[in-house]
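Subject: Structure handover

Hello,

Here is the structure, ready for you to open. My notes follow below it.

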Amino acid sequence: MTAPRPMLEAVATRADLATGGHEEVAFFGPSGGRLFGCLHLPPAEPSGGVVICCSVNTEFENNYRREAMLGWALAARGLVACRFHYRGAGHSDGLAEDLSFQSMIEDTRLALDHLAARCNVPSVAFLGTRLGGLVAASLSAERSGAPLALWDPVVDADSYFREMFRASFMARMREAAPGERPPSGDQLLAELRRAGRVDVLGQTIGLALYRSLAGRRLEAVVGERPPSVLMVQLGRTPRPGPARDLLERWRARGFEVDEDAGQESEQWWFGDHRRGGQAVIGRTADWLAERLGASP
Amino acid sequence: MIASEATADKEVPVFLPAGEELLFGVLTRPVAEPRSVAAVILPGGGFHTAVHVNRLSVRLARRLAGDGYHVLRIDYHGLGESSGTLRGYRLDEPFLEDVEASVSWLRKHEGIRRFVIVGGCFGGRTALAAAPRIVGLEAIVVLTAPLVDLGMGEGSAARRAAQGSMLRYWARGLRPVVLRSFLSPRSFRRQARVARTHVRVGVRAARQRITDRRALDGRVVSPGVVRELEALDRHGIPALFVYGDRDPFREPFAGGSEHVSRLLKEARGRIEVATVEGTRAYRLVAGQEEILDMVPRWLGRAREGRLKAG
């Protein structure tokens, strides 16, 4: 008779031997709508918590490792970090076509509950990457005063979708057969409205996401009294544009805004730790630790 | 016909040892009558995690679990939730340790003795290289994998090097529009990086053409891959190769390689090639949907010995 195999725990754990912290990975939430989440925990009681709101589609993959490394960096500074996948994205349940701004916010609230159920933290901050910036800003606004860190945030959702459709058109033009013309942005939008979903660069974009984000601007989501904000612009040189313009408007109104720009490769690259690719991670973690009263 | 797919209710996150590292994976347990066969899903190169483009690996895992398979989808070392540092990808340096560790873990923790491997692009090449080493392997599926050895970012340069003469290849790089792009400070760094890639690929292609006439095929299939295909055939492992209908990497299977044509004939149907819509197999959502339908059906036929002789 063979020995019974050990039951697999519902929580997978990985230790950080250097800091004594560890990561807990689990599915949480209601059956049929379960979310995939990772908690990065410090060795001692955390002095604060950070919820990391990722982006979706290609941006989800491109920034994944950077966000994971940030989680570890926050735990090394005595904070607990919660990363998760929205329903309809990543390893979570749900369909991509059902993803919407509202569902992303609901899922972030669930992630925050998941963190709170695991740890008693006196204060929480939010970090958002790209489209996740709008989500993080929304949650920060719900908790007035919650520090907000933004990695290359989407400032104007309408522009975001225009750029996405343009990128799709350019990519398909490069691959098109002679005489073939790929769908234009207007045609993609018409298809989205007709079919409820559309293929953009091999990703399913649902009408729910498009409609729920129509007209959304980061400035409005943050509100009239922005919390302490860190705006990180990924890329080797500071770029003018809507994000910098927003930063200047906030500063002009006397709000506390910090900037980190032009010092980092836009795209996470392999072996980046050797080229200082972790610098933005460290600076962001230090900023969050300082705002949450932990030691950077 | 698959009655119902798995959901996250049937999934468990795991960390499994691979050498000095811990790989992250998600195990999906079967929702249908278990077949006692495990599928290991390997992502492509680049930034892909165990999720893969448009959640293809997640959807495929849940579809296969609906067909009775245990499924493990993994993050390679240095990616996703796995430990380690990833230096980069080369198609001729597959992550064999990651695959073997995954199979070993399934044997130990789920008691599985029979396996199939599904890999996209770099993952497909890894599946191909690992195949003869996996005891109990019953089939592999290779999605849109180049059969020529490339480093990260060399794909388009390699395609150009394979088309036409070397003279034409180098002439492309010396066009005024290309040279002018170096004058702009903003684009100089990017252009220099692209130029270095093209020079590297061009030199390698030229060397292959001069030193090894047999490796003229090396423009479309590397000698190492030929050996791996021969090993597949010797071990009697069925393999499905899936490409986009306009994928230039399909060329070896479309008469572009004498070696591959000969192997296909000798394999007598055990090596099958299929196409889906798009330039790469999973470049379009429509192609991904075809893959999700095709893979479970083909695995069923392959494992039951119902592949047609060529």
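**Aromatic pairs in chain B**

Tyr76(B) and Phe122(B) are both buried (buried means under 20% relative accessible area, exposed over 50%, partly exposed in between, with a 1.4 Å probe and protein chains only). Please note that this is a predicted model: local features need pLDDT of at least 70, side-chain atom pairs count only at pLDDT 80 or more, and totals for chains, interfaces and linings use all residues. Residues are numbered from 1 along each chain as its sequence is written, chains are lettered from A and ligands numbered from 1 in the order in which they are written, and side-chain values use heavy atoms, with hydrogens and water left out.

Searching the whole structure gives 16 aromatic pairs over all chains. Rings of Phe, Tyr and Trp (its six-membered ring) pair if their centres lie within 6.5 Å; planes under 30 degrees apart count as stacked, over 60 as edge-to-face and the rest as tilted. Take Tyr76(B) and Tyr89(B). Their ring centres are 6.4 Å apart and their planes meet at 70°, so this pair is edge-to-face. Both residues sit in the loop between β4 (70–74) and α2 (96–110) of chain B, so the pair ties together parts that are 13 residues apart in sequence. Helices (H or I, at least four residues) and strands (E, at least two) are DSSP runs, numbered from the N terminus. Tyr76(B) and Tyr89(B) are both buried.

Tyr76(B) also pairs with Phe122(B). Here the ring centres are 5.7 Å apart and the planes are at 90°, so the pair is edge-to-face. This one links distant parts of the chain: Tyr76(B) is in the loop between β4 and α2 of chain B, while Phe122(B) is in helix α3 (residues 122–130) of chain B, 46 residues apart.

One aromatic cluster takes in residues of chains A and B: Phe27(A), Phe36(A), Phe15(B) and Phe24(B).

**Cavities**

How many cavities of 30 Å³ or more does a search of the whole structure find? There are six. On a 1 Å grid over the protein atoms alone, a cavity is a set of points where a 1.4 Å probe fits but cannot get out, and lining residues have an atom within 4 Å of a point. Grid points are joined across faces, edges and corners, and a volume is the space filled by probe spheres set on the points.

The largest cavity holds about 180 Å³ of space. It is lined by 19 residues, and the closest to its centre are Asn57(A), Gly88(A), Ala89(A), Gln203(A) and Arg55(B). Two elements of chain A give two or more residues to this lining: α1 (57–62) and β9 (203–206). The largest share, four residues, comes from β9(A). By type, the lining of the largest cavity has nine nonpolar, eight polar and two charged residues (Ala, Val, Leu, Ile, Met, Phe, Trp, Tyr, Cys and Pro count as nonpolar, Asp, Glu, Lys and Arg as charged, and the others, Gly among them, as polar).

**The two chains**

Chain A has 10 helices and 11 strands. Of its 296 residues, 56% count as buried. Chain B has 10 helices and eight strands. Of its 310 residues, 58% are buried.

Contact means heavy atoms within 4.5 Å. Among contacts with a separation of 6 or more, residues 24 or more positions apart account for 68% in chain A and 72% in chain B.

The accessible surface of chain A is about 12600 Å², 51% of it from carbon and sulfur atoms. Chain B exposes about 12900 Å², with carbon and sulfur atoms supplying 51%. These areas come from the Shrake-Rupley method with a 1.4 Å probe.

Start with helix α1 (residues 56–65) of chain B. It is mostly covered: 10 of its 10 residues are buried. Their cover includes β1 (11–18), β2 (21–28), β3 (37–42), β4, β5 (114–120) and α10 (285–303) of chain B.

Next, Ile271(B), in strand β8 (residues 271–276) of chain B. Is Ile271(B) buried or exposed? Its relative accessibility is 9%, so Ile271(B) counts as buried. Leaving aside residues up to four places away in sequence, Ile271(B) touches Ala239(B), Phe241(B) and Leu264(B). Its C-alpha atom is 5.6 Å from that of Pro238(B), 33 residues apart along the chain.

Last, Gln187(A), in helix α6 (residues 185–195) of chain A. Gln187(A) is partly exposed, with a relative accessible area of 48%. The C-alpha atoms of Gln187(A) and Met173(A) are separated by 14 Å, and the two residues are 14 apart along the chain.

Best wishes

Technical notes. 1 Å grid on protein atoms, 1.4 Å probe; cavity = no way out; pocket = protein on both sides within 12 Å on 5 of 7 lines; lining within 4 Å.
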